[in-house]
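Hi everyone, thanks for coming. Let me put the structure up, and then we can walk through it together.

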Amino acid sequence: MTFTLSTEGEAAVVRISGELDALTVVDLRPTMDRIVQEAHKEVRVDLSNLRLIDSCGVGAVVSLFRRVRAYGGTVRVEGVRDQPLAIFKLLKLDRVLMG
């Protein structure tokens, strides 16, 4: 997994590629903590280059969503396709995170 964090206007944008699973999610957590600590009001998570996500990866995205919403911010997941999209639809997260 590789990821980048950038800002576009007022939004924090996290682009994640490869596989977001139990082994790789630990590398992403400090970046997610930073987003919350900096209290970004708008967060976009670009998963257009993500090939695979497991329950730990889903948990990390949902955790970010909850933490940002707790201080009044918004999180939008973009570009989800293939296996990650199937998982998001199965869990009905497409309705919440991609809407």
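R44 counts as buried, at 14% relative accessibility, where buried means under 20% relative accessible area, exposed means over 50%, and partly exposed is in between, with a 1.4 Å probe and protein chains only. Before I go on, a word on the source: this is a predicted model, where local features need pLDDT of at least 70 and side-chain atom pairs count only at pLDDT 80 or more, while totals for chains, interfaces and linings use all residues. Residues are numbered from 1 along each chain as its sequence is written, and side-chain values use heavy atoms, with hydrogens and water left out.

Back to R44. What does the side chain of R44 meet in a salt bridge? The partner is E78, at 3.2 Å from N to O. By salt bridge I mean a side-chain nitrogen of Lys or Arg within 4 Å of a carboxyl oxygen of Asp or Glu. Side chains of opposite charge can pair when their charged atoms come close. E78 lies in strand β4, residues 74-78, and R44 in strand β3, so this pair ties together parts that are 34 residues apart in sequence. E78 itself is partly exposed, with a relative accessible area of 22%.

The whole structure has 9 salt bridges. In one of them, R15 meets D46 at 3.6 Å, N to O. R15 sits in strand β2 and D46 in strand β3, so the two tie together parts 31 residues apart in sequence. R15 is partly exposed at 33% relative accessibility, whereas D46 is buried at 15%. Then there is R51 with E19, whose closest N and O atoms are 3.9 Å apart. That pair links distant parts of the chain as well, with R51 in β3 and E19 in β2, 32 residues apart. R51 is exposed, with a relative accessible area of 55%, and E19 is partly exposed at 33%.

Strand β1, residues 2-8, pairs with β2 in the antiparallel sense over 7 bridges; strands count as paired if DSSP finds at least two bridges between them. Across that pairing, F3 stands opposite I16, and T4 has R15 as its bridge partner. The hairpin of β1 and β2 has 2 residues between the strands, and G9 there takes a positive phi near 65°.

On to β2 and β3, residues 42-53: these run parallel and are joined by 9 bridges. The chain gets from β2 to β3 through helix α1, residues 25-37, in a right-handed β-α-β crossover. Right-handed means that, with the strands pointing away from the viewer, the path from the first strand over the helix to the second runs clockwise.

Is β2 enclosed or open? Of its 10 residues, 11-20, 7 are buried, so the strand is largely enclosed by the rest of the structure.

Let's look inside. V43, in strand β3, is buried at 1% relative accessibility. Leaving aside neighbours within four places in sequence, V43 is in contact with A12, I35, L64, V68, T74, V75 and R76, contact being heavy atoms within 4.5 Å.

Finally, the core. A nonpolar core here is a set of buried Ala, Val, Leu, Ile, Met, Phe, Trp, Tyr and Cys residues joined through side-chain atoms within 4.5 Å. The largest one has 27 residues, and I16, L20, V45, L47, L64, V77 and F88 touch the most other members. The elements giving two or more residues to this core are β2, α1, β3, α2 (55-70) and β4. Which element gives the largest share of this core? That would be α2, with 7 residues. As for F88, not counting residues up to four places away in sequence, it touches L47, I53, V77, V80, L93, D94, L97 and M98.

That's the tour, and I'm happy to go back to any part of it.

Conventions: Helix = DSSP H or I, 4+ residues; strand = E, 2+ residues; numbered from the N terminus.
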